[in-house]
Amino acid sequence: MHFRQLHMLTLSYSHYIFRFLRTVSFFKLWNYFLLRFGFYLSQIIRRPVQLGLPAFLSAEPTTVCNLKCPECPSGLRAFSRPTGTMDMPMFQQLIDEAHRHIFYLLVYFQGEPYLNPNFSQMVAYARKKRVFTATSTNGHYLTERYARLTVESGLDELIISLDGTDQDTYSRYRRGGDLNKVLDGIKTLVRVRKELGVHHPFINLQFIVMKQNEHQISEFRQLAAELGVDRAVIKTAQIYSEKDNNNILPDGSKYARYYRKADGSLSRSKPVRNRCWRMWNGAVVTWDGRMVPCCYDKDATYQMGRIGEVSLKSIWMGEAYRTFRAQILKNRSVYDICLNCGE
């Protein structure tokens with residue numbers, strides 16, 4: 001890595017860490033300690049002990065998406081749960097209940113967050129409450145206007161998916177996508193950030209390794225450096241249906257989350273352990289207020305409760321969550337969402 005690139009990366013990380021530390025309070029630290037203590041104690045006594053409130057939350061702005069990615073419920077338009085867009089009152093209630101104890105808010109679950117007309121206002125509201133905010137996007141809406149709104153909202157971290165370095169490779173998974181439009185959007189955001197004299201949002205450029213793009217990993221890293229983003233992230237592909245896995249899973253085992261058994265079926269490369277830190281430190285809230293255990297529960301199958309009907313604390317400490325955590329400690333593999341998890 002060139003010295004100037006290394007210097008800029010170090011500078012970007014320092015600003016990222018500084019922004020995060022500015023949102024930390026003694027109460028959040030104490031709450032996090034309680035979560036950790038309860039998690040480790042639960043493993044020792046093999047019964048769920050929950051002493052703190054969630055330190056991480058994911059809130060879903062919308063299930064709507066402009067692309068049709070083949071391994072995504074939004075892209076396939078294949079949700080079994082209701083679809084829609086979160087309104088500001090729902091989001092504000094969630095933040096009002098959670099801001100004192102959450103370290104990190106991901107304003108994303110399924111769908112393209114920029115398709116929620118209130119997205120920038122949501123981020124700004126959370127930032128006003130001293131919550132560290134992040135989101136994930138396919139990058140098609142980073143116009144001049146939205147790039148400025150993104151920076152002005154105070155968004156701390158932005159994950160942009162870029163799964164190919166040419167249009168043909170990119171569109172084989174990001175169906176309906178325009179690579180040049182995404183690249184132009186990234187350049188616009190980097191420029192606007194510079195013009196406004198700020199270092200946020202921290203830009204993570206994400207590359208999911210699949211069969212059709214695994215030969216472009218080095219090109220992706222070079223492209224990320226040329227674009228001036230803060231970090232290039234390589235991720236393994238997640239499969240929801242085995243019917244298409246031959247066309248998606250990479251050949252190289254280094255970037256494969258699964259291995260193929262003798263009968264041709266897939267199995268995770270790592271065993272499922274009867275523990276899960278996610279169940280003790282965070283949760284996901286869908287656009288209509290359903291609280292679910294984690295981001296692998298795309299269809300909100302394991303609903304723990306509903307924001308607006310009862311408090312977040314009541315849900316987090318409630319019987320449904322206790323039963324779920326108890327099963328995690330006993331035999332986690334009974335939950336289908338856990339079979340696809342990398343924890």
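Tutor: A cavity is a set of points on a 1 Å grid over the protein atoms alone where a 1.4 Å probe fits but cannot get out, and its lining residues have an atom within 4 Å of a point. Our structure is a predicted model, with local features needing pLDDT of at least 70, side-chain atom pairs needing 80 or more, and totals for chains, interfaces and linings using all residues. Numbering starts from 1 along each chain as its sequence is written, and side-chain values use heavy atoms, leaving out hydrogens and water.

Student: Which residue class has 8 members in the lining of the largest cavity?

Tutor: Look at who's there: C276, M279, C294, F324, I328, R332, I337, C338 and C341. Ala, Val, Leu, Ile, Met, Phe, Trp, Tyr, Cys and Pro count as nonpolar, Asp, Glu, Lys and Arg as charged, and the others, Gly among them, as polar. The lining has 1 charged residue and no polar ones, and the 8 are nonpolar.

Student: And which helix gives the most to the lining of the second largest cavity?

Tutor: That lining is S12, H15, Y16, R19, F132, D156, H199, H200 and F202. By class, it divides into 3 nonpolar, 4 polar and 2 charged residues. Helices are DSSP runs of H or I with at least four residues, numbered from the N terminus. With 4 residues in the lining, the top contributor is the helix spanning residues 3–21, α1.

Conventions:
1 Å grid on protein atoms, 1.4 Å probe; cavity = no way out; pocket = protein on both sides within 12 Å on 5 of 7 lines; lining within 4 Å. Helix = DSSP H or I, 4+ residues; strand = E, 2+ residues; numbered from the N terminus.
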